[in-house]
Amino acid sequence: SRANSAAPDPELARAVRSALTRVKAVTEVKMFGGIGFMLNGNLLVGASKRGLLLRVGKDGQSQALARPGTRRMEMRGRVMEGYVYVDPPVAPGAVREWVDMARAFVRTLPPKTKTKAKRQPAKKKTR
């Protein structure tokens, strides 16, 4: 039986946890078929068998993509600006550097509250 390519990668997740040991306000959630690490409610990094997903921001994206083994993040054929994938295998020693790059960006974002905003119904046009 073939391994699920979207399954969590325990080694990679462990390396990310290790890189985040001293960082407060980090939570883990299952997402994108792996584990998402959130900082103040914002996605910081994801770890799965597909590699490392990093939120580096639009300004950091070209710098990250200049490094070997990286690619743009695409969802349903659409490029997600400010995110990059680092293809597996990701050397455990490189994980900390990648996580630090993502953290430098994500810590500039305002914290997200835990409550989900209720969608407002569309207003009817009165003309």
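**Exercise 1.** Find which residue in β2 is the bridge partner of Thr 27, and then trace the strand order of the sheet.

*Solution.* In β2, the bridge partner of Thr 27 is Met 38. The model is a predicted one, in which local features need pLDDT of at least 70 and side-chain atom pairs count only at pLDDT 80 or more, while totals for chains, interfaces and linings use all residues. Residues are numbered from 1 along each chain as its sequence is written, and side-chain values use heavy atoms, with hydrogens and water left out. Strands are DSSP runs of E with at least two residues, numbered from the N terminus, and two of them pair if DSSP finds at least two bridges between them. β1 and β2 (residues 34–39) are joined in the antiparallel sense over six bridges. The open sheet has six strands in the order β1-β2-β3-β4-β6-β5, with antiparallel pairing; its edge strands, β1 (26–31) and β5 (70–75), each pair on one side only.

**Exercise 2.** Determine which residue's ring face Arg 67 lies over.

*Solution.* A charge sits over a ring if NZ of Lys or CZ of Arg is within 6 Å of the ring centre and within 35 degrees of the ring normal. Arg 67 lies over the face of Trp 98, at 4.0 Å from the ring centre.

**Exercise 3.** List contacts of Leu 54, leaving out residues up to four places away in sequence.

*Solution.* With contact taken as heavy atoms within 4.5 Å, Leu 54 touches Leu 44, Val 45, Gly 82, Tyr 83, Val 84, Val 86, Trp 98, Val 99 and Ala 102.

Terms used. Helix = DSSP H or I, 4+ residues; strand = E, 2+ residues; numbered from the N terminus.
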